[in-house]
Amino acid sequence: MPATTSQGITYPCIADIMSAAAWQTMVTTMETALLATQAAATAGLNRPTAQLSRTTTTQNVAVTVATVATYDVEDWDTTGLANIAVNNDRFTIAVNGLYFVTGDITYNRAASTIATGRVTFTRNGTRFAAHQHSEFTAGTGNVRATALVACVATDIIRMEALWTGATSPNAVTSRFAIHLAART
Amino acid sequence: MQLTDSQGLPCPTENDFITALDLQTLAEAVDAKVAALNARFSVAAFAPGAILASNANQSVPTGVPSVNITNVTTQVVTVYDTGNQNISAGFANILVSGIWAFGAYANVIAAGAVTVNTVRQLSIDMEIQSSSSDVTKINFAERVSESNTGGEFITVSGVMPVRLGPGQSADVRLGFAHNNGTSNVIVQSGAYVWFYRVGNLED
(Lines give C-alpha, C1' and ligand atoms only; values in the text may rest on other atoms or scores of the structure.)
Protein backbone atom coordinates (compact mmCIF):
# COMPACT_ATOMS: atom_id res chain seq x y z
CA MET A 1 0.00 0.00 0.00
CA PRO A 2 1.62 3.31 -1.05
CA ALA A 3 2.18 5.98 1.60
CA THR A 4 2.12 9.77 1.36
CA THR A 5 4.42 12.35 2.95
CA SER A 6 3.33 15.58 4.63
CA GLN A 7 3.80 17.46 1.35
CA GLY A 8 1.66 14.97 -0.58
CA ILE A 9 4.40 12.90 -2.19
CA THR A 10 3.20 9.32 -2.72
CA TYR A 11 5.81 6.54 -2.60
CA PRO A 12 5.72 2.73 -2.58
CA CYS A 13 6.22 0.98 0.74
CA ILE A 14 8.68 -1.81 1.25
CA ALA A 15 6.04 -4.49 0.73
CA ASP A 16 4.82 -2.95 -2.49
CA ILE A 17 5.75 -4.25 -5.89
CA MET A 18 8.15 -1.95 -7.67
CA SER A 19 6.63 -0.75 -10.93
CA ALA A 20 6.85 2.01 -13.45
CA ALA A 21 3.39 3.14 -12.35
CA ALA A 22 4.51 3.54 -8.72
CA TRP A 23 7.53 5.50 -9.87
CA GLN A 24 5.34 7.67 -12.08
CA THR A 25 2.95 8.40 -9.22
CA MET A 26 5.82 9.45 -6.99
CA VAL A 27 7.31 11.78 -9.59
CA THR A 28 3.91 13.27 -10.42
CA THR A 29 3.18 14.04 -6.78
CA MET A 30 6.67 15.48 -6.36
CA GLU A 31 5.96 17.80 -9.26
CA THR A 32 2.68 18.89 -7.68
CA ALA A 33 4.47 19.69 -4.41
CA LEU A 34 7.13 21.68 -6.25
CA LEU A 35 4.51 23.64 -8.19
CA ALA A 36 2.84 24.61 -4.91
CA THR A 37 6.19 25.76 -3.58
CA GLN A 38 6.86 27.77 -6.71
CA ALA A 39 3.47 29.44 -6.32
CA ALA A 40 4.30 30.29 -2.70
CA ALA A 41 7.63 31.72 -3.80
CA THR A 42 5.98 33.84 -6.48
CA ALA A 43 3.45 35.17 -3.99
CA GLY A 44 6.15 35.91 -1.45
CA LEU A 45 8.48 37.65 -3.84
CA ASN A 46 5.89 39.58 -5.85
CA ARG A 47 3.80 41.29 -3.23
CA PRO A 48 0.84 43.33 -4.45
CA THR A 49 1.80 46.94 -5.14
CA ALA A 50 0.44 49.83 -7.17
CA GLN A 51 0.80 53.55 -7.66
CA LEU A 52 -1.70 56.02 -9.06
CA SER A 53 -0.84 59.56 -10.03
CA ARG A 54 -2.16 62.81 -11.38
CA THR A 55 0.86 64.86 -12.33
CA THR A 56 0.27 66.15 -15.86
CA THR A 57 -3.27 67.36 -15.21
CA THR A 58 -4.68 69.01 -12.08
CA GLN A 59 -7.67 68.49 -9.81
CA ASN A 60 -9.57 71.44 -8.36
CA VAL A 61 -10.00 71.31 -4.57
CA ALA A 62 -12.30 73.87 -2.94
CA VAL A 63 -11.05 75.56 0.23
CA THR A 64 -11.93 73.73 3.52
CA VAL A 65 -13.62 70.87 1.63
CA ALA A 66 -12.11 67.42 2.16
CA THR A 67 -11.84 66.13 -1.39
CA VAL A 68 -11.05 62.58 -2.47
CA ALA A 69 -8.08 62.65 -4.81
CA THR A 70 -8.60 61.20 -8.28
CA TYR A 71 -5.98 59.92 -10.68
CA ASP A 72 -5.52 59.57 -14.42
CA VAL A 73 -2.45 57.33 -14.59
CA GLU A 74 -1.64 53.90 -13.20
CA ASP A 75 2.14 54.07 -12.80
CA TRP A 76 2.19 50.39 -11.86
CA ASP A 77 -0.24 47.82 -10.58
CA THR A 78 1.04 44.28 -10.18
CA THR A 79 -2.11 42.53 -8.99
CA GLY A 80 -5.13 44.64 -9.88
CA LEU A 81 -5.27 46.85 -6.79
CA ALA A 82 -6.55 49.67 -8.97
CA ASN A 83 -8.78 50.08 -12.00
CA ILE A 84 -9.06 53.77 -12.86
CA ALA A 85 -11.35 53.03 -15.78
CA VAL A 86 -13.97 51.99 -13.23
CA ASN A 87 -12.97 53.91 -10.06
CA ASN A 88 -10.27 56.52 -10.41
CA ASP A 89 -9.91 57.28 -6.71
CA ARG A 90 -8.98 54.06 -4.89
CA PHE A 91 -7.14 50.89 -4.21
CA THR A 92 -9.28 47.83 -3.54
CA ILE A 93 -7.65 45.22 -1.32
CA ALA A 94 -7.72 41.58 -2.42
CA VAL A 95 -5.35 39.93 0.08
CA ASN A 96 -5.59 40.34 3.86
CA GLY A 97 -2.52 41.98 5.35
CA LEU A 98 -0.65 45.00 6.63
CA TYR A 99 -0.31 47.56 3.84
CA PHE A 100 2.22 50.38 3.58
CA VAL A 101 0.56 53.46 2.11
CA THR A 102 2.31 56.60 0.95
CA GLY A 103 0.96 59.61 -0.89
CA ASP A 104 1.45 63.27 -1.52
CA ILE A 105 -0.57 66.26 -2.59
CA THR A 106 1.11 69.24 -4.21
CA TYR A 107 -0.80 72.46 -3.62
CA ASN A 108 -0.34 75.39 -5.97
CA ARG A 109 1.00 78.22 -3.83
CA ALA A 110 1.13 80.57 -6.82
CA ALA A 111 -2.63 80.41 -7.31
CA SER A 112 -3.84 80.44 -3.70
CA THR A 113 -2.75 81.59 -0.27
CA ILE A 114 -2.29 78.27 1.47
CA ALA A 115 -2.55 78.50 5.26
CA THR A 116 -2.58 74.73 5.81
CA GLY A 117 -2.44 71.76 3.48
CA ARG A 118 -3.34 68.24 4.50
CA VAL A 119 -3.11 64.68 3.20
CA THR A 120 -5.52 62.18 4.71
CA PHE A 121 -5.69 58.42 4.17
CA THR A 122 -8.99 56.62 4.63
CA ARG A 123 -10.02 52.99 4.81
CA ASN A 124 -13.64 52.48 3.82
CA GLY A 125 -14.20 56.21 4.35
CA THR A 126 -12.67 56.44 7.84
CA ARG A 127 -9.42 58.30 8.45
CA PHE A 128 -6.51 56.19 9.64
CA ALA A 129 -3.67 58.69 9.15
CA ALA A 130 -3.03 62.24 8.04
CA HIS A 131 -0.27 64.78 7.76
CA GLN A 132 -0.60 68.56 7.70
CA HIS A 133 1.78 71.38 6.91
CA SER A 134 1.25 75.02 7.73
CA GLU A 135 4.51 76.58 6.59
CA PHE A 136 3.66 77.55 3.04
CA THR A 137 5.37 80.91 2.89
CA ALA A 138 8.38 79.38 1.14
CA GLY A 139 9.38 76.19 -0.61
CA THR A 140 7.08 73.80 -2.36
CA GLY A 141 3.47 73.18 -1.57
CA ASN A 142 3.97 69.46 -1.21
CA VAL A 143 2.49 67.49 1.69
CA ARG A 144 3.37 63.81 2.10
CA ALA A 145 2.18 61.11 4.48
CA THR A 146 3.10 57.49 5.12
CA ALA A 147 1.26 54.91 7.19
CA LEU A 148 0.67 51.24 7.78
CA VAL A 149 -2.86 49.91 7.87
CA ALA A 150 -4.36 46.49 8.54
CA CYS A 151 -6.72 45.51 5.72
CA VAL A 152 -8.99 42.70 4.68
CA ALA A 153 -10.22 41.82 1.23
CA THR A 154 -12.62 44.37 -0.34
CA ASP A 155 -11.36 47.24 1.84
CA ILE A 156 -11.10 50.52 -0.08
CA ILE A 157 -8.12 52.80 0.50
CA ARG A 158 -8.30 56.42 -0.64
CA MET A 159 -6.50 59.74 -0.16
CA GLU A 160 -8.07 63.12 0.53
CA ALA A 161 -6.84 66.68 0.06
CA LEU A 162 -7.85 69.49 2.40
CA TRP A 163 -6.53 73.03 2.58
CA THR A 164 -7.32 76.30 4.27
CA GLY A 165 -6.53 79.76 2.98
CA ALA A 166 -7.77 82.09 0.27
CA THR A 167 -8.46 82.07 -3.47
CA SER A 168 -10.38 78.87 -4.07
CA PRO A 169 -10.24 76.43 -5.71
CA ASN A 170 -6.68 75.20 -5.69
CA ALA A 171 -5.45 73.02 -8.55
CA VAL A 172 -3.50 70.14 -7.06
CA THR A 173 -1.49 67.22 -8.36
CA SER A 174 -1.03 63.96 -6.48
CA ARG A 175 0.58 60.53 -6.20
CA PHE A 176 -0.69 57.60 -4.17
CA ALA A 177 1.08 54.27 -3.68
CA ILE A 178 0.51 51.07 -1.74
CA HIS A 179 2.24 47.76 -1.15
CA LEU A 180 1.60 44.68 0.92
CA ALA A 181 4.10 44.72 3.79
CA ALA A 182 2.99 41.50 5.48
CA ARG A 183 0.21 39.02 4.97
CA THR A 184 -2.04 38.30 7.93
CA MET B 1 23.50 4.73 -3.14
CA GLN B 2 24.95 8.21 -3.33
CA LEU B 3 23.78 11.73 -2.55
CA THR B 4 23.40 14.62 -4.97
CA ASP B 5 25.93 17.39 -4.60
CA SER B 6 23.82 20.43 -3.70
CA GLN B 7 20.67 19.11 -2.06
CA GLY B 8 21.86 15.77 -0.69
CA LEU B 9 19.11 13.76 -2.33
CA PRO B 10 19.67 9.98 -2.44
CA CYS B 11 20.17 8.43 -5.85
CA PRO B 12 21.47 5.03 -7.00
CA THR B 13 24.85 4.30 -8.50
CA GLU B 14 25.12 2.14 -11.60
CA ASN B 15 25.66 -0.99 -9.52
CA ASP B 16 22.81 -0.52 -7.04
CA PHE B 17 19.71 -2.69 -7.02
CA ILE B 18 16.65 -0.44 -6.61
CA THR B 19 14.07 -1.30 -3.95
CA ALA B 20 10.87 0.37 -2.75
CA LEU B 21 12.78 1.51 0.31
CA ASP B 22 15.05 3.56 -1.95
CA LEU B 23 12.04 5.37 -3.40
CA GLN B 24 10.66 5.96 0.07
CA THR B 25 13.99 7.45 1.14
CA LEU B 26 14.00 9.72 -1.88
CA ALA B 27 10.37 10.75 -1.35
CA GLU B 28 11.03 11.63 2.28
CA ALA B 29 14.15 13.59 1.38
CA VAL B 30 12.30 15.62 -1.23
CA ASP B 31 9.41 16.10 1.19
CA ALA B 32 11.77 17.56 3.79
CA LYS B 33 13.26 19.96 1.25
CA VAL B 34 9.84 21.13 0.05
CA ALA B 35 8.57 21.59 3.60
CA ALA B 36 11.63 23.67 4.52
CA LEU B 37 11.19 25.88 1.45
CA ASN B 38 7.50 26.36 2.16
CA ALA B 39 8.30 27.38 5.72
CA ARG B 40 10.81 29.98 4.52
CA PHE B 41 8.40 31.43 1.98
CA SER B 42 5.69 31.59 4.62
CA VAL B 43 7.97 33.51 6.97
CA ALA B 44 8.75 35.94 4.15
CA ALA B 45 5.13 36.49 3.19
CA PHE B 46 3.83 36.67 6.76
CA ALA B 47 6.56 39.04 7.95
CA PRO B 48 6.44 40.08 11.59
CA GLY B 49 4.59 43.35 12.04
CA ALA B 50 2.29 45.15 14.40
CA ILE B 51 0.13 48.21 14.87
CA LEU B 52 -0.47 49.57 18.37
CA ALA B 53 -3.10 52.25 18.79
CA SER B 54 -4.37 54.31 21.67
CA ASN B 55 -8.05 54.07 22.49
CA ALA B 56 -8.36 57.21 24.61
CA ASN B 57 -7.18 60.81 24.55
CA GLN B 58 -4.03 61.66 26.46
CA SER B 59 -3.22 65.13 27.76
CA VAL B 60 0.43 66.11 27.43
CA PRO B 61 1.54 68.92 29.76
CA THR B 62 3.32 72.02 28.61
CA GLY B 63 7.07 71.81 28.70
CA VAL B 64 7.31 68.05 29.04
CA PRO B 65 10.15 67.16 26.65
CA SER B 66 8.84 63.76 25.67
CA VAL B 67 5.84 61.76 26.64
CA ASN B 68 5.43 58.12 25.85
CA ILE B 69 1.74 57.60 25.31
CA THR B 70 2.21 53.89 25.69
CA ASN B 71 3.19 54.37 29.32
CA VAL B 72 -0.50 54.42 30.05
CA THR B 73 -1.21 50.79 29.48
CA THR B 74 -4.95 51.07 29.83
CA GLN B 75 -5.03 53.41 26.87
CA VAL B 76 -3.34 51.09 24.44
CA VAL B 77 -4.78 48.26 22.42
CA THR B 78 -3.14 45.98 19.93
CA VAL B 79 -4.76 46.47 16.56
CA TYR B 80 -2.76 43.85 14.77
CA ASP B 81 0.15 41.57 15.51
CA THR B 82 1.36 39.11 12.89
CA GLY B 83 3.55 37.30 15.40
CA ASN B 84 6.99 37.27 16.97
CA GLN B 85 6.76 40.66 18.66
CA ASN B 86 5.64 39.53 22.08
CA ILE B 87 3.14 42.34 22.15
CA SER B 88 1.95 43.28 25.59
CA ALA B 89 -0.26 46.06 26.80
CA GLY B 90 1.55 49.33 26.49
CA PHE B 91 4.55 48.54 24.32
CA ALA B 92 5.88 46.40 21.52
CA ASN B 93 8.84 44.21 22.13
CA ILE B 94 10.82 43.11 19.05
CA LEU B 95 12.62 39.82 19.52
CA VAL B 96 14.04 39.29 16.03
CA SER B 97 17.05 41.10 14.55
CA GLY B 98 16.69 42.56 11.08
CA ILE B 99 15.93 45.66 9.07
CA TRP B 100 12.64 47.04 10.33
CA ALA B 101 10.35 49.81 9.05
CA PHE B 102 8.70 52.00 11.69
CA GLY B 103 6.10 54.72 11.67
CA ALA B 104 3.53 56.59 13.70
CA TYR B 105 0.53 58.85 13.38
CA ALA B 106 -1.18 61.26 15.76
CA ASN B 107 -3.79 64.00 15.67
CA VAL B 108 -2.94 66.55 18.37
CA ILE B 109 -5.19 69.38 19.52
CA ALA B 110 -4.49 72.01 22.16
CA ALA B 111 -6.77 71.69 25.17
CA GLY B 112 -7.03 75.46 25.53
CA ALA B 113 -5.32 78.47 24.06
CA VAL B 114 -2.92 77.91 21.19
CA THR B 115 0.47 79.51 20.90
CA VAL B 116 0.72 79.78 17.13
CA ASN B 117 3.81 78.30 15.46
CA THR B 118 4.90 76.36 18.52
CA VAL B 119 6.34 72.90 18.03
CA ARG B 120 4.41 69.64 17.72
CA GLN B 121 6.81 66.70 17.52
CA LEU B 122 5.93 63.06 16.99
CA SER B 123 8.69 60.51 17.50
CA ILE B 124 9.42 56.82 17.49
CA ASP B 125 11.68 55.71 20.30
CA MET B 126 13.35 52.33 20.33
CA GLU B 127 15.33 50.98 23.25
CA ILE B 128 17.47 47.86 23.12
CA GLN B 129 17.82 46.45 26.60
CA SER B 130 20.75 44.14 27.24
CA SER B 131 21.18 41.71 30.10
CA SER B 132 23.74 44.08 31.65
CA SER B 133 21.10 46.83 31.74
CA ASP B 134 22.90 48.90 29.14
CA VAL B 135 20.34 50.61 26.97
CA THR B 136 20.79 51.62 23.35
CA LYS B 137 18.32 54.33 22.34
CA ILE B 138 17.34 55.16 18.78
CA ASN B 139 14.95 57.97 17.99
CA PHE B 140 13.60 59.68 14.93
CA ALA B 141 10.94 62.34 14.75
CA GLU B 142 8.77 64.64 12.63
CA ARG B 143 8.22 68.20 13.78
CA VAL B 144 5.52 70.57 12.54
CA SER B 145 4.34 74.00 13.60
CA GLU B 146 0.95 74.62 15.18
CA SER B 147 -1.23 76.47 12.68
CA ASN B 148 -4.10 77.25 15.07
CA THR B 149 -6.64 75.72 12.70
CA GLY B 150 -8.07 73.08 14.99
CA GLY B 151 -5.03 70.94 15.65
CA GLU B 152 -2.29 69.20 13.74
CA PHE B 153 -1.94 65.88 11.93
CA ILE B 154 1.47 64.25 12.01
CA THR B 155 2.94 61.12 10.48
CA VAL B 156 6.52 59.92 10.76
CA SER B 157 8.26 56.89 9.31
CA GLY B 158 11.69 55.42 8.76
CA VAL B 159 13.73 52.27 8.36
CA MET B 160 16.53 51.18 10.65
CA PRO B 161 18.42 48.07 11.70
CA VAL B 162 17.62 46.27 14.91
CA ARG B 163 20.70 44.36 16.12
CA LEU B 164 19.90 42.11 19.02
CA GLY B 165 22.42 40.08 20.94
CA PRO B 166 21.69 37.10 23.16
CA GLY B 167 19.07 37.98 25.72
CA GLN B 168 18.27 41.33 24.14
CA SER B 169 15.01 42.75 22.90
CA ALA B 170 13.89 46.11 21.51
CA ASP B 171 11.03 48.15 22.92
CA VAL B 172 9.26 50.39 20.38
CA ARG B 173 7.28 53.33 21.67
CA LEU B 174 5.48 56.40 20.44
CA GLY B 175 6.55 59.78 21.76
CA PHE B 176 5.01 63.24 21.55
CA ALA B 177 6.37 66.58 22.70
CA HIS B 178 5.34 70.21 22.31
CA ASN B 179 6.10 73.66 23.63
CA ASN B 180 2.65 75.16 23.53
CA GLY B 181 2.94 77.96 26.05
CA THR B 182 -0.53 78.25 27.43
CA SER B 183 -2.20 74.87 27.59
CA ASN B 184 -1.77 71.13 27.42
CA VAL B 185 -2.00 69.39 24.07
CA ILE B 186 -4.27 66.38 23.68
CA VAL B 187 -3.05 63.37 21.70
CA GLN B 188 -6.33 62.20 20.27
CA SER B 189 -7.52 58.62 20.59
CA GLY B 190 -6.44 56.59 17.61
CA ALA B 191 -2.79 57.64 17.61
CA TYR B 192 -0.70 54.66 16.66
CA VAL B 193 2.78 53.29 16.14
CA TRP B 194 3.50 50.61 13.55
CA PHE B 195 6.40 48.48 12.46
CA TYR B 196 7.20 45.46 10.32
CA ARG B 197 10.28 43.49 9.44
CA VAL B 198 11.67 44.30 6.00
CA GLY B 199 14.49 41.72 5.84
CA ASN B 200 17.68 40.32 7.24
CA LEU B 201 20.64 42.36 8.40
CA GLU B 202 23.42 42.65 5.86
CA ASP B 203 25.88 40.77 8.05
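A salt bridge is a side-chain nitrogen of Lys or Arg within 4 Å of a carboxyl oxygen of Asp or Glu. By this criterion, Asp89(A), Arg90(A) and Arg158(A) are joined in a network of salt bridges. The model is predicted, so local features need pLDDT of at least 70 and side-chain atom pairs count only at pLDDT 80 or more, while totals for chains, interfaces and linings use all residues. Residues are numbered from 1 along each chain as its sequence is written, chains are lettered from A in the order in which they are written, and side-chain values use heavy atoms, with hydrogens and water left out.

Over all chains, a search of the whole structure finds five salt bridges. Asp89(A) has 11% relative accessibility. For Arg90(A), the relative accessible area is 17%.

Asp89(A) also meets the side chain of Arg158(A) in a salt bridge, at 3.3 Å from N to O. This pair links distant parts of the chain, 69 residues apart. Arg158(A) sits in strand S11 (residues 156-166) of chain A. Asp89(A) lies in the loop between strand S5 (73-77) and strand S6 (91-92) of chain A. Strands here are DSSP runs of E, at least two residues long, and helices are runs of H or I, at least four; each is numbered from the N terminus. Arg158(A) is buried, as is Asp89(A).

Another salt bridge joins Asp104(A) and Arg144(A), with the closest N and O atoms 2.6 Å apart. Asp104(A) belongs to strand S7 (residues 97-106) of chain A and Arg144(A) to strand S10 (residues 142-151) of chain A, so the pair ties together parts that are 40 residues apart in sequence. The two ends have their own burial classes. Asp104(A) is buried, at 3% relative accessible area. Arg144(A) is partly exposed, at 38% relative accessibility.

Chain B was described as a whole. Its secondary structure consists of one helix and 14 strands. Of the 203 residues in chain B, 46% are buried. A contact means heavy atoms within 4.5 Å. Among the contacts in chain B with a separation of 6 or more, 71% are between residues 24 or more positions apart. Chain B exposes about 9,300 Å², and carbon and sulfur atoms supply 52% of that area. Accessible areas come from the Shrake-Rupley method with a 1.4 Å probe; for residues, only the protein chains shown count as cover.

Terms used. Buried < 20%, exposed > 50% of the residue type's maximum accessible area, 1.4 Å probe, protein only.
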